[in-house]
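Please look through the structure shown below with me, one question at a time.

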Amino acid sequence: MSLIGRPVARHDARAKVTGAARYPADLVRSEMLHCKAIFAHRPHARIDGIDAARAIALPGVVAVLTAADVPYNRYGLIDADQEVLCSERVRYVGDRVALVVAADPQTAERAAKLVEVAYTDLPIAGDALSALEPDAPLVHEHRGTNVLLHQKIRKGDIEQAFADCDVVLSATFTTSWQEHAYLQPDAGIAYYEGETLVVETAGQWLHEDLRQIAAILALEESAVAIRYAKIGGAFGGREDLSVQALLALATWKTKRPTAIVWNREESIVGHHKRHPFHIETTWGAKRDGTVVAVRTRTIADGGAYASTSVEVLKCAAIFAQGPYRMPNVATDAIVVYTNNVPSGAFRGFGSPQAHWAAESMITRIAHALEIDPVDVRRKNLYRDGDTEATGNVLPAGVSAIAVLDRCAQESHRRFTPRAERHAHASLRRGVGIASGIKNVGYSFGFPEQSTATVELIASARIERAVVRIGAADVGQGVHLILRQIVAETLELALESVAIVSDDSAQAPNAGSASASRLTFMAGRAVHDAALAARSAWERGEPPEATVQYRPPATTPLDLETGAGTPNYCYGYAAQGVEVEVDVTTGVTRVLKIVSVHDVGRAINRQQVEGQIEGCLAQAVGYALTENFKVRDGKILTPHFSTYLLPTTLDMPTEIVPVIMELADPHGPYGARGMAEMPLVPFAPAVAAAIYDATGAWVNDLPMTPERILAAITAARERTTASAASLVGASSSPA
Amino acid sequence: MDVGKVTRRRFLVRAALPTIAAGVGIGSPRLCALAQAAASVSVLPASGPGPMPVTLNVNGRAHELRIEPRVTLLDALRERLALTGTKKGCDQGTCGACTVLVDGRRVNACLTLAVMVQRKAITTIEGLADGDQLHPMQAAFLAHDGFQCGYCTPGQILSAVALLAEKRATDEASVREWMSGNICRCGAYPNIVAAVRSVAGQPS
């Protein structure tokens, strides 16, 4: 029986239910030295001096490390603009200025309070819009500007197109930061194994952590090994280095095992977030519902360091018109340095923000033209052979319309009929629908590859296989998926396939656990390596093969026109939601979700459903409850008591994951990535449902009760005013 | 604290309204005080009472420790007894990852001082299985894939075990209500609820 699609259990499941699974903080031993990072806790300041004398004098303190101790004090995923320990200037509250290394955590804590850092506070660039002002303080002075990227996309004749439209609508949308809140706070250990410096933590990409840490310490990569313990969630939040470089530095300096465990506040202050966006957009359509022109100006707060901002913004730029064919496009996507927490990767990578505006706008176009929002979408959705705004033909396998149609059918079948939605005076129900598109894998010419080694244990027949691939299992179950693919390919039992994956010295580079890419990319690499190893065995050669898989090439976008080939694969999604709004308080509950995804092929149906349901929990938080607040560069929500994550009570009882399998031409067994897609159309689907229930549009995420209530009140006042002007009366109608 | 009596969300909603919070009653101010005590353990110099003998009965075994009275049950379990199955997610009683059973009642180990639970029977995730035989709740989480990253799982399982003993798992809504003190950021909630209900003998 085929292993593909079967809900076989994860091999680490037993350890996870018995407490035997070891996460980074579980590796700490009392004999290790303990590190405490000293945070700036101020958004922008010059460092005038660091006096560690009193701290070093404390018994038990081994070292207080500062910038002078870092061989190459620059790092970053794309642009190395961040210092491990700040030398002259701090640029956000989470910047680290010193690292105390002591015999035990309590001593490290006490010593950290004795380190005296003299600062001169500097004016701050407090948000993206003010950071663009000509007299704004510069976050990185040598750049001469706070603009990190300004990506333009130009297609057609936008002004003429708007002039020829029957309806033109404009609106401004905002989104806030989102905190990953992986439940396992950043932690880890470092030690020497012979001559090799080993850093054992949780991350999303062994070989990128290796590259950056080796560079920071000016070591050959062969002198460093990165190992992953069990990873307690990631969601993009472990893509940038956090504690890894601090640990490596401490052990490299002291030549002793070291440990660090961040508390929740340190984790929230110390790692990047999802970008807040300010989006001004104008959409123009013909009377028949054909949208012909979209103009968008997006300004994102990149925070103090580059992280992956430029890639996130380019993704947001190509999705400014959502998943729709568009003859006339003018997009400006700008990301700006500020003195806020850095923004970077988070599940969806710019696409949720772009869709917040785009999917809200297409529903408004539908309402303005009095056409069903599903029909307007169907008329404009991408089809096979369509051209993107960047000028390239879409990768084959465009399933947007099939996905939407399935979603409309399921939603119609399951949602409360319109006549029954307003049974209660203050509790009003509404339904909404939205479509979505998100790339699978790296974009814009970023080198994309995944490498795997498969070794066969064979005599007369193939008995077992060992797969080596450095793919991070962040909880999504990729190790199981890769074993399933190899077992299927070699016609072995699942138990006969072992995987070696958590050590950069033992497994080749899979690329990151991000961009919904590992099932596709690593899956294809292990599939191809398994076939190559079998061929070698059949030829009588050593039964082993290493294969690097490269997908169809992408290219950078032209900065002025956007011309290029951004991606090699897309995932398509559509969601229907039913909500209930208490119009007296604004409190909104999501009652039902239909979430439809073309996954190409579900390698493990249970895991795919888990990704859909789990991603939806983060989507509910993003849409409604997760209100990350920053004022003057200071984070006001550094705990779970103020940053509200969805609990099981916040989730609807009826979540319907619908898996469609329209095979991708390149993915293993036709699989394409899907783990980010449920976050993409969700918030605008909820906004449309709130509008359906109340007649009020909310433009700002998260849609807190206060914002919903304000929108309802404003909509009522508009209705009252227009009714009053119609009848020429001054008294308010009922 | 019995996490069931004041659900996390209800507590937070109340706590967000300062004028009401004062009138919540004995539960919440005590919780606040404990949260502050727990949070301050790691930042204050050791100026309080010094180490004292503390006996903890964990998973049927007595452990003699010398610890300061400010040490939480969570830190005692993890750092002194090497029982790292109990997880620290927030150290403030907001996530439920550190849930253990004390005399069968579920408590947040991060809000409980170790000295408070001497002579009580403490059950952690390591004490649930009978040798190789998983506890039915562990087996159900495994069968229903009630986790992804697994970090919240020990707390979820112990909370669920207590919930069944409390006889509150009467239907899906009550399971969700009484499991709402345990956050799963991976969002495996549907599978967690299904696992709990299967052990409660309910069809999912």
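Q: Which residue follows α6(A), and near what value is its phi?
A: In this predicted model, helices (DSSP runs of H or I, at least four residues) and strands (DSSP runs of E, at least two) are numbered from the N terminus. Helix α6 of chain A covers residues 206–216. The residue that follows α6(A) has a positive phi, and this residue is A218(A), with phi near 55 degrees.

Q: How many of the 11 residues of helix α6 of chain A are buried?
A: A residue is called buried under 20% relative accessible area, exposed over 50%, and partly exposed in between, with a 1.4 Å probe and protein chains only. The buried residues of α6(A) include L206(A), L210(A), I213(A) and I216(A), but also H207(A), E208(A) and D209(A). The helix is mostly covered, and its count of buried residues is 9.

Q: Against which elements of chain A do the buried residues of α6(A) pack?
A: Contact here means heavy atoms within 4.5 Å. By that rule, the buried residues of α6(A) pack against two strands and one helix of chain A, namely β10 (196–201), β11 (224–228) and α7 (244–254).

Q: Is F349(A) buried or exposed?
A: F349(A) is found in the loop between β15 (328–337) and α10 (351–369) of chain A. Its phi is near 50 degrees, a positive value in a residue other than glycine. Because its relative accessibility is 16%, F349(A) counts as buried.

Q: What is the relative accessible area of Y669(A)?
A: Y669(A) has a positive phi near 55 degrees, and it is a residue other than glycine. Its place is the loop between β25 (654–660) and α16 of chain A. Y669(A) is partly exposed, because its relative accessible area is 28%.

Q: Which residue is joined to P702(A) by a cis peptide bond?
A: P702(A) is found in the loop between α16 (682–694) and α17 (705–727) of chain A. The cis bond has an omega of about -5 degrees, and the partner of P702(A) in this bond is L701(A).

Q: How far apart in space are I635(A) and E265(A), C-alpha to C-alpha?
A: I635(A) is in strand β24 (residues 634–635) of chain A, and its 13% relative accessibility is why I635(A) counts as buried. Not counting residues up to four places away in sequence, I635(A) touches several residues, among them V93(A), I268(A), V269(A) and V341(A). Although I635(A) and E265(A) are 370 residues apart in sequence, their distance in space is 9.8 Å.

Q: On what basis are residues numbered and values computed?
A: Residues are numbered from 1 along each chain as its sequence is written, while chains are lettered from A and ligands numbered from 1 in the order in which they are written. Side-chain values use heavy atoms, without hydrogens and water, and in this predicted model totals for chains, interfaces and linings use all residues, whereas side-chain atom pairs count only at pLDDT 80 or more and local features need pLDDT of at least 70.
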